[in-house]
Amino acid sequence: MTVIDSDLRPQEPPRYVMFWRRYRRNRAALLGLVLFAVVIAMALTAGLVDPGDPLRRAGVPLTAPFVDPANPFGTDQLGRSVMSQLFYGARISLLIGVVATLISILIGIIVGAFAGYFGGWVDDILMRITEAFQTIPSFVLLLTLVAILGSKIEWITFAIGIVSWTAPARMVRAEFMSLRNREFVDAARNLGVSNSSLIFREILPNALPPIIVYASVIMALAILLESALAFLGLGDPNYASWGNMIGQGRAVLRTAWYCSAIPGIAIILTVLSFSLLGEGLNDAMNPRQKQ
Amino acid sequence: MNTQATPVLAVSDLRLALPKGADRAFALDGLNLIVRPGEIVCMVGESGSGKSLSAGAIMRLLPEPHVHVAGGTITFEGEDILSKSEKEMRDVRGNRISMIFQEPMTALNPQKTVGWQLDEVLKLHMAGSRKIRHARAIEMLERVHIPDPESAYNAYPHQISGGQRQRVMIAMALALSPRLLIADEPTTALDVTTQLQILKLIRELQQTDGAGVLFITHDFGVVAEIADHVIVLRQGEVVEQGPADQVLNRPEHPYTKALIASVPDLTPPTLKPVIAAPIVLKGTGLRKTFAARGGLLSGKRKEVVAVKDLSFELSQGETLGVVGESGSGKTTVSRLVTRLLDADCGSVELGGTDLLACTPRELRAMRKDIQMVFQDPMASLNPRKRVVDIIAQGPIVHGEDPDKAHDRARELLEMVELSPAAANRFPHEFSGGQRQRIGIARALAMEPKVIVADEPVSALDVSVQAQVLKLLADLRSRMNLSLLFVTHDLRVAAQLCDRIMVMQKGEVVESGFTAEVFANPQHAYTQNLLSSIPGRDWTPPVRTTDAA
């Protein structure tokens, strides 16, 4: 009776299969995925639904939904179609969500990785800067930035990224601090791997899962921040965005509630989809956490 | 031993069900055991045999509902454990049954000082003022032979060594003189001298108080040292049980025989004829201190000297063992010579160049010549990389063509006796022994002049350990490797090392050829170490069965 150690265990299915199996277990996450797919489909088909400018006059102002077949969701006080604005708005919301999230995660990873990996005075300086950002309420900072930079969509996206990098930075730092002393990092260092490769090739892939999960939260927040800006009239007026629609619909809220309610529902469902998506990603990427 | 006494603990036909999708349906299938007062029952088995879960079942600390009792009874001093309420169990735990856990790292609350945690146990079950409890706590710390108990009392768990943490755990468990002590691999993380003291301590308790002990271990040396009765487990089933003498010296089941045959022999290798080989690694005057910090208002802790003026020489093709207790600085030595830690002073000459004086750029190039095999096979491989990339990484970093490096990695896998199919898998798909083989392959990929192995087999099961040691010995003779082998296990050192260097508190107290040191130790500490090897008086009976 010998215990042979060289025999391999049966091969596991590929990673993405395991990932999908674990993701699938969470029903709510599947709903999130469906909602997310709907939003993406809306963004992609906006040009088909209405090939023209969504901000042009499309019918009699303040038509109620389901009255005019050309404008199924009705029109606002300037006669613009609510439905085509809704579809084009999905583009803007997704664009802002994705780009702002990328900006904030990128800054967060760089700051957090260096602070966590090197520690000492590097950590002290970077964390004091992070704290300085954290002490300013993010919406106030956003308003300030937009007031300075102007209401162009690029600047708004950039500003949203700038106000939301602190949380991912702290997360990355915490992950790096616990991972940097693991033996596999020493092993790689002992192979002669340079610091930057250690940070980005060895440690970062192991630190990513919680960051990716958190990215879904940032995306939802970014969409909400943009809507809030537009609601205050600080959005980019050249683009149809859900926030702009709510902001303008506010003036006719009592007579034509649907002008604000329809984009409002769209925002709720989109944010919900990101939140559910994040939960599903968490289950799939950190399978041990829930047991 | 009084066989007539009522048993402290009686387990009959215990079955523990595992959740669906586990590798087997029952973690334990039909366990019967009896622990009488004053008796030490050893449960032996390799990892995954279900020994720790059985302890969990007795304490009612199973990870329910994933693992639950599916049948059988557990009787403690005539009371049915399984029918007790959670409240009643709380009174039993810690007071009448206490447990020493496997992981000294996680069993203590990292947020609280050692003293606070000892005090907590005493407060729950003992009357008396703070002063009396403090005195009792210090007394317990002394009883488990912690140097400087006052300092340890004020320390946080991370500030004391693993061995000391385990002693604190034992102090907590023994503080209330329980009727039954469950010890789950309590000495696995300890050094031989400590281990012997702890084993003696457990015996002492059992003799003075007549407590029963259920001792879980994987180490047959420990079994030989302490057991009255032995139960051998394999994958949840009892393969053999009986009085210690019978199981150890006349094992019947082939599995027991194989396990016993894997225990490394204590006979050191015969003296090699001394050939004047060139010196490849030379350390001179190495020193390293760590500053420890205490809490703001708690007592102060001293600066720790990890390595004090260490010098050594390693010749081509030789294996030098660095042996010592935890806290002796042997792991620090392995990190200093590879410059994963910076020494305070001294030099490490590798092929004539001082590694410690190198600039970062020179150092990265020099690392090629000195490679390391790490202790923890779980932590030392990047979980997000495929095995082939892990092995080929070093050569690629040093400018090797990636395709060639990958081909070479596959050859190396074969050399460490893993199937080439392993190349495209991730580390979590391998067992501990297999991962250690991958770690060895990674070190070999650089074709280093020196390999530093830091406790490479201490985390492995005994049968796997035997195979990995055999592999290392084979590779060494085939490739004329020079090894700096750090270990706490003298049996392992005896198997592999030509010369050994015994360290105590950062200093080398004795060094010389392994055979000479083992036969005729000069320093009192070495003598102590050698006489503490568990089961040194027991010669395993079966040497014919080849475990590897």
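Strand 13 (residues 319-324) and strand 18 (residues 482-487) of chain B pair in the parallel sense, over five bridges. The model is predicted. Across this pairing, Leu320(B) stands opposite Leu484(B) in strand 18 of chain B. Helix 11 (residues 330-337) of chain B packs on the sheet. This helix touches strand 13, strand 16, strand 17 (450-454), strand 18 and strand 19 (499-504) of chain B. Its direction makes about 145 degrees with that of strand 18 of chain B.

The sheet of chain B is open and has six strands. Their order is 16-17-18-13-19-20, with mixed pairing. Strand 16 and strand 20 (507-513) of chain B are the edge strands, each pairing on one side only. From one strand to the next, the twist averages 20 degrees.

Strand 19 of chain B runs parallel to strand 13 of chain B, and five bridges join the two. Here Ile500(B) is the bridge partner of Gly321(B). The pairing of strand 19 with strand 20 of chain B is antiparallel and spans six bridges. In that pairing, Met503(B) stands opposite Val508(B) of strand 20. Strands 19 and 20 of chain B form a hairpin with two residues between the strands. Lys505(B) takes a positive phi near 45 degrees in this hairpin.

Strand 19 of chain B is largely enclosed by the rest of the structure, because six of its six residues are buried. Arg499(B), Met501(B) and Met503(B) point one way from the strand. Ile500(B), Val502(B) and Gln504(B) point the other way. Both sets are buried.

Leu484(B) also has a place in the largest nonpolar core, which has 238 residues. Cys42(B), Leu214(B) and Leu484(B) are the residues with the most contacts inside this core. Helix 3 of chain A gives the most to it, with 17 residues. Beyond its neighbours within four places in sequence, Leu484(B) is in contact with Leu281(B), Leu314(B), Leu320(B), Val322(B), Val337(B), Val450(B) and Val452(B).

Gly283(B) lies in strand 11 (residues 279-290) of chain B. Gly283(B) counts as buried because 23 other C-beta atoms lie within 10 Å, where the cut-off is 20 or more. Leaving aside neighbours within four places in sequence, its contacts are Leu310(B), Ser311(B), Phe312(B), Val337(B), Gly346(B) and Val348(B). Gly283(B) and Val397(B) are 114 residues apart in sequence. Their C-alpha atoms are 27 Å apart in space.

Chain A is built from 11 helices and zero strands. Its C-alpha atoms fill a box of roughly 85 × 50 × 30 Å along the principal axes. Chain A has 291 residues, of which 45% count as buried. Among its contacts with a separation of 6 or more, 67% come from residues 24 or more positions apart.

Helix 6 (residues 153-163) of chain A carries a set of buried residues. These are Ile156(A), Thr157(A), Ala159(A), Ile160(A), Gly161(A) and Val163(A). Their cover includes helix 3 (82-118), helix 5 (138-149) and helix 9 (195-231) of chain A.

The two chains meet through 38 residues of chain B and 23 residues of chain A. Several elements give two or more residues to the chain B side. They are helix 10 (254-262), helix 12 (360-366), strand 16 (370-373), helix 13 (387-397), helix 15 (432-445) and helix 16 (462-479) of chain B. The residues on this side divide into 17 nonpolar, 13 polar and eight charged.

Confidence was examined for the complex and for chain B. The predictor gives the complex an ipTM of 0.77 and a pTM of 0.78. Chain B averages a pLDDT of 84, and 93% of the residues score at least 70. Over residues 543-548 of chain B, pLDDT stays under 50. For this stretch the model has 13 contacts beyond four places in sequence.

Key
Residues are numbered from 1 along each chain as its sequence is written. Chains are lettered from A and ligands numbered from 1 in the order in which they are written. This is a predicted model: local features need pLDDT of at least 70, side-chain atom pairs count only at pLDDT 80 or more; totals for chains, interfaces and linings use all residues. Two residues are in contact if their C-beta atoms, placed from the backbone, lie within 7 Å. Helices (H or I, at least four residues) and strands (E, at least two) are DSSP runs, numbered from the N terminus. Ala, Val, Leu, Ile, Met, Phe, Trp, Tyr, Cys and Pro count as nonpolar, Asp, Glu, Lys and Arg as charged, and the others, Gly among them, as polar. Two strands pair if DSSP finds at least two bridges between them. Axes are lines fitted to C-alpha atoms, for helices over the stretch in contact, and angles run from 0 to 180 degrees between N-to-C directions. pLDDT is the predictor's confidence in each residue, from 0 to 100. A residue is buried if 20 or more other C-beta atoms lie within 10 Å of its own, exposed if 12 or fewer, and partly exposed in between; C-beta atoms are placed from the backbone. A nonpolar core is a set of buried Ala, Val, Leu, Ile, Met, Phe, Trp, Tyr and Cys residues joined through C-beta atoms within 7 Å.
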